[in-house]
Amino acid sequence: MATITPPKTEDDPTLRPFGGAGEVRAESLLRRLLRQWGPMTVLYAILIVLVVLPVGILFYAAFTDVAPRPGGARGSFTLKNIQDLMGPTTLGAARTSVVIALGGTSVAMVWGGLLAWLAARTDVPFRPLVQLAGIVPLFMSALVGALAWSFIASPGRSSYVNLFFSALGLDWTVNIYSVGGMVFVFGLYYAPFYFLLLNGPLTLMNPELEEAAEVCGASRRKTATAITIPLVTPAILGALLLTFVLIIENFPVPTLLGTPAGINTLPSIIYRLMHNPPPRSNLAAAVGLLLMLIMVGLIWIQRRFISKKEYTTITGKGMTPRRIKLGKWRWPALAFVLLYFVLAVFLPFFALLQMSLRPHSFIMSFSELFDPNAFDLRHFRAVLGSERFWTALRNSFTLGALTAVAGGLLHLVMAYVVLRSRAPGRKFVEYIAMAPLAMPALVLGLGFLWTWIALPIPIYGTLWVLVAAYVVRFMPQGFQGMSSSMLQIHKDLEESALVCGATRARTLRTITLPLMRAGVAGSLLLLFILTMRELSAALFLFTAQTRVLSIVVFDYWDSGLLAQAAVTSFIYSSLLMGIVLIGRKWLEGSAGRKRD
Amino acid sequence: MNTKKSNRFGAARHTTATLAVLALILAACGGNDADAPAAPAPAPAPAADAGPTAPECGYEVAGDCIADAELWAAAQAEGGLTLYSSVSEARQQVTLAAWAEAGVPLTVELVRLGGGRLYERVQTEHIANQLAADVLLHSDIALVNGHADLGVYEPHCVPNLDLIPDPLKFGDCLFQAGVIVPLLFGWNTALLPSGQAPTSYRSMLDSAELDGGKIAVQHIGVGGSSYAVYFELRKQYGPESWVAMAAKDPVLVGAAGAAQEAVVRGEQVFGPMLTVGNINVSVDDGAPIAGLFPEDISVAIGHWMGLTAQASNPNAAKVFMNWWYSTGGQEAVAFSGDYHPVSGSPSPRVAGYDVAPDVSTLVFPESDPDFIRLRDELFNEWQTVFNFTPGS
């Protein structure tokens, strides 16, 4: 039996009285305050610099008449920006944006949710292929996807689908320059978000609940709708929120696919506000403010919905995974997967390669697509012979790695503080985590420029300012990913370790993180890939030395050099696909396999 | 709980190592410095004769001294400069390739941004005393004046300044036109036979062949170039010219490059505001596109060059600017498809033209006081007529 021996004051300098008992109490209090508030103070300071200041300055800009450049003239308070926001064009664009976001989110949910369920819980044939199909489209940014699909399905006679119809003698045409076209593209390229955020929870879910339902006579559909889906509700809502906001604030897709059809969306208006001279940054910030208010409301609804229920499915009890038998639906399910793969990966890659190998983009007939005499490598040689390309490639990889590590660590800490600590102000941390979602990345980039250029930390003009920007830009995704995985783990597992004397750090390292491995791996991978693809946040911050690949692609597109844009997109999408293929083992080799 | 400790982070280490190796491989790779766009051959390069000939000249290119001994020594110590430019990527890379071909051992780092973003960047950086640009090449005279008012520029008298017409230079060597960009008609020759293509804005407005979404054109907010064309069109043919143009239901795009590609791909058949540089690239690639200077209004706009007051490499910047306005720079600009402001400089290379029209035939709306004065009013009118918001 252990004996608790009180410490001897002559041995312990902190308890050795010098001058009286009052001084002994002051030292302990100080240490206690540091222990309780020190880490949180550091976290708050980081979040204030990274998030609060840039968002705050945008808030300020929305209500003033002069761009708040550090050291520049101060503007006067005005509501004119808000009034301009209420004009018919902007309101119409807002409605269109909401429609597109709802449609894109719904389509992405169908694709991504079904793929995740098939991969995690069913006996679909070629399950590794399903896992692959769910995440491989991550390699392709929405910009590149829109570019590729404009080659495939634009209304012009050189689009590949229209050429195909013409070759068949059909008087049909497709037009991707439409609301439906944008919904289609968004649905394809945001499905992986659902897949990644649902795959982990579905894999880690305790199957006993579903087994109990089936034992009681519930059909597979009833089990899915009454048991499975409700248990992954946090992940679904998280993915839904993320996807909706990412789509509504995405500007490359509506710029490429909407503007030619005269379709106004909020992001395309914001882009024009900031790109066309003279820039109207204050009004752009006001639009961002509107989106922020919507976002805060959505988060509030989501959190209230989740907080009323218990979603824990990983406990201290062991469990064996269970695969739902699809029966006659096995092969149709696989066909569904293959269809997604063709639409999201094969066809766009085909289009990028076509555009890369052709001297120019005009095509007279469908057969020309397969005529080797029509191909040459001039554009590949031009791009691969360009020092700018290689510099951008190195920068992109470096940036991706740094953002994944730094961002992943920060997001994990934030998720832990919010979900596992009783630290004061943790709700503040949660809202801060989601705040970057609210501001369109274009506008947020402006906030970064106005804030960090004036900081005493000399990161402006370096790669580190981009790291900081991307850590903030993807804070919602990273935080959401870490939180979703952490929510699946019951607290009693960790509390058991704490009761047995383990420190919080050790508990996190030996209990929590291993159980979260799938989620952590997915989050880091997602951060890396999103960073590689990101365009908007870098537009105001890049320099000649820190140019990244997305900027190179955009510059080529803006200059009308589509072949060079296609070459660059093809090369770096291929590299990203390789990264995704390597990284997917982190996902499929998680808890499910261990228990197998 | 995971008991297989040896595999706990095995996958992570494997992936990290793979990424590290990949990054190292990529870091070892590199291209050469021929950072030019596809197709066009480099500008004529007098590199073989580069170097000082006169005792007082520090560095000479194509017979022109671009730096005295003192300036050259200082420039060499700096090693290079940073250029912020709003000229399109394709055309800018052609001129920079010519600089490289000329053999001047100073690197030029290019940051290319559209007019609005470039303006915001420059203003913010300058106010924060962190302007990274040594040389600015900026479109839209209204924006450039804004920079001048803020003290962004430092005077530097470039060579041949006396040969630059007065409307194309401002202040006492504060800034001057760096390139003059003409805007041409362009059409898809496979879909619109040349005989049917309009040769003037008047015939374009009158042509029923181009009704119903067959025109790809920039909206009025795209830099100063599109506004310049709309301004001149209205000036010459009245407000009804805009109404007539809007009635053709043109497809409004956000960049000259986007309009050009739409024409080449056959989404539309005609573009009235295309740049020579882009047309040259497409024609060199064999695309079915032809360009034409409109007979009635051939509009040109300037991109304005100046030395920045906060330049970190002022001497290298001066050498670059001296080259730009020397024979070598004039030839490079001409090869890229733009006119050079120095009188008597070579005509631009324009596909389909043996000799481009003389610069005196071009119209420069930026020299019209109403160009800036009426800007807001005309923007509002255009929005109403075309029912399109360049920026609400």
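In the predicted model, R69(A) and E120(B) are joined through their side chains by a salt bridge, at 2.8 Å from N to O. A salt bridge here is a side-chain nitrogen of Lys or Arg within 4 Å of a carboxyl oxygen of Asp or Glu. The pair crosses between chains: R69(A) sits in the loop between α1 and α2 (80–85) of chain A, and E120(B) in helix α4 of chain B. Helices (H or I, at least four residues) and strands (E, at least two) are DSSP runs, numbered from the N terminus. Over all chains, the structure holds 25 salt bridges.

The rule finds four salt bridges across the interface of chain B and chain A. It also finds 21 residue pairs in polar contact there, both residues at pLDDT 80 or more. A polar contact is a pair of N or O atoms within 3.5 Å; within protein, one must be able to donate a hydrogen and the other to accept it, and residues adjacent in sequence count only if both atoms are side-chain atoms.

On the side of chain B that touches chain A, the elements giving two or more residues include α1 (10–28), α3 (89–101), β4 (107–112) and α4 (115–127). The largest share, 10 residues, comes from α4(B). This side divides into 32 nonpolar, 26 polar and 17 charged residues. Ala, Val, Leu, Ile, Met, Phe, Trp, Tyr, Cys and Pro count as nonpolar, Asp, Glu, Lys and Arg as charged, and the others, Gly among them, as polar.

The contact (heavy atoms within 4.5 Å) takes 75 residues from chain B and 77 residues from chain A. The two chains bury about 6600 Å² between them, 58% of it on carbon and sulfur atoms. Buried area is the accessible area (1.4 Å probe) that two parts lose on being put together, summed over both.

Residues are numbered from 1 along each chain as its sequence is written, and chains are lettered from A in the order in which they are written. Local features need pLDDT of at least 70, side-chain atom pairs count only at pLDDT 80 or more, and totals for chains, interfaces and linings use all residues, while side-chain values use heavy atoms, with hydrogens and water left out.
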